[in-house]
Amino acid sequence: MSAETTPAVLVEGRGIVKTFGGGGLLRRQEPTRAIDGVDLDIRVGEVVALIGESGSGKTTLGKVLLRLTSLDAGTVRFGGADVFRANNATLRKLRREFQMVFQNQSANLHPKMTVREMMDESLRLHRPELDAAGRAAQGSELLSRVGLAARSEQRPASLSGGERRRVGLARILATRPRLIVADEPTSGLDAAIKQQMVDLLKVLKDPDLAYLLISHDLGLVRKISERVLVMLKGRIIEEVPAAELGKAAFHHPYTHKLMRAADLLEDGHGHPAAHGRAGEPAARPYDPADRSGVTSVGCVHAADCQLGARLGILSRCSGERPKPVALGPGHWVACFAAESKEAVG
Ligand SMILES: Nc1ncnc2c1ncn2[C@@H]1O[C@H](COP(=O)(O)OP(=O)(O)OP(=O)(O)O)[C@@H](O)[C@H]1O
Ligand code: SF4
Ligand SMILES: [Mg+2]
């Protein structure tokens, strides 16, 4: 293998398709194509954010990557191993290396155990080589890392919401993961606790630990991730360096909408005329139950796209799936308008 300047790929997803449902006893229901042909790479040690509105498929994609749910087509490789073809022994090993922090992580804590006992239990399971003294030392160190050394004799009921999430994180770190999928790690927390979690995620970062950070919170994403993937109706429609979010000369119209809603567009950015004019009606509200735009053909934004209408390209947009157009280092957009100088520059 040649020496590389960029870190090796840790997770490689190709052509991932995941559908739910379909059929139904009384009514024929259309299956929900929750993931609609996604390719993605996560490199060793990087923090990648996955953003998109409710129902766009973020949690499902995180679960597919960790084989917490099945897939209908495509492949996922972790450290080179095919996750969906792994035998039980390989899967057990992989399961130690990738972990998911869920929105309701604190629900997984044992109500009768102290924080120290829970750490001991996790270490007993994941670090069988450690004896009791080794587990005690390792447990204390992990609790110090998450700022809970003084709370080790507490039970979950006497911990705050933020502290419970930190216990959850310490238990995950006990497995020495190489990838943590953090699904809305700060949702439901007040501003001060949220800031503590953000600081903590930064402190816990080490060069061998990669994160896939799933979040609605674009401010958070911009603070702690390196790369941002934008998901819409089961597809990744843009990848952009986090530092470029809101500053790049062109964003996918849907990313633009998300950033405008989050007030993240910088002065002088972009193409207000290309993306909609003052006084133009807003796009219809996104309804996660409405999967009408989700097919394997055409752009999933075509029904709402003012930019496509302005450029007169909507018939192409509806009939052909846009391929990624490279706009700069680490920045691509799956949008036909990105091919047009009029829209981009
Ligand atoms: N177990 C399931 N059974 C049926 N449909 C599902 C299931 N899980 C997810 N879906 C559907 O798949 C789509 C994607 O859901 P997913 O939970 O991945 O979205 P999300 O982007 O994580 O949303 P949120 O931001 O609200 O958490 C939605 O339409 C959802 O209703
Ligand atoms: S491909 Fe067409 S419909 Fe889709 S976002 Fe671009 S311009 Fe709009
Ligand atoms: Mg989700």
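Strand β1 (residues 9-20) and strand β4 (residues 73-78) run antiparallel and are joined by five bridges. Two strands are said to pair if DSSP finds at least two bridges between them. Helices (H or I, at least four residues) and strands (E, at least two) are DSSP runs, numbered from the N terminus. Within this pairing, G13 stands opposite V76 in β4.

The model described here is predicted: local features need pLDDT of at least 70, side-chain atom pairs count only at pLDDT 80 or more, and totals for chains, interfaces and linings use all residues. Residues are numbered from 1 along each chain as its sequence is written, while chains are lettered from A and ligands numbered from 1 in the order in which they are written.

Strand β4 also runs antiparallel to strand β5 (residues 81-82), to which two bridges join it. R77 has D82 as its bridge partner in β5. The hairpin of β4 and β5 has two residues between the strands, and G79 there takes a positive phi near 55°.

Axes are lines fitted to C-alpha atoms, for helices over the stretch in contact, and angles run from 0 to 180 degrees between N-to-C directions.

Strand β9 (residues 227-232) pairs with strand β10 (residues 235-241) in the antiparallel sense over six bridges, and R227 has P241 as its bridge partner in β10.

| Helix pair | Axes come within | Crossing angle |
|---|---|---|
| α5 and α6 (residues 191-203) | 10 Å | roughly 20° |
| α3 (residues 115-126) and α5 | 9 Å | roughly 25° |

The angle between α5 and α6 makes them roughly parallel, a term for angles under 35 degrees, whereas those over 145 count as roughly antiparallel, 65 to 115 as roughly perpendicular and the rest as oblique. The crossing of α5 and α6 is right-handed; a crossing is right-handed if the near helix is turned clockwise from the far one by less than a right angle, and left-handed if anticlockwise. G161, G162, R165, R166 and L169 in α5 meet I193, Q196, M197 and L200 in α6, where contact requires C-beta atoms, placed from the backbone, to lie within 7 Å. These residues divide into four nonpolar, three polar and two charged.

Helix α3 passes α5 in a right-handed crossing. V115, M118, M119 and S122 in α3 meet V167, A170 and R171 in α5. By class, this contact has five nonpolar, one polar and one charged residues. Ala, Val, Leu, Ile, Met, Phe, Trp, Tyr, Cys and Pro count as nonpolar, Asp, Glu, Lys and Arg as charged, and the others, Gly among them, as polar.

**The two ligand shells**

Around ligand 1 there are 13 residues, of which F20, A34, S54, T59 and T60 come nearest; a residue is near a molecule if its C-beta atom, placed from the backbone, lies within 6 Å of it. Helix α1 gives the most to this shell, with three residues. The shell has three nonpolar, nine polar and one charged residues.

Around ligand 2 there are 14 residues, and C299, C305, G308, C317 and C335 come nearest. This shell has 11 nonpolar, three polar and no charged residues.

How values were computed: Two residues are in contact if their C-beta atoms, placed from the backbone, lie within 7 Å.
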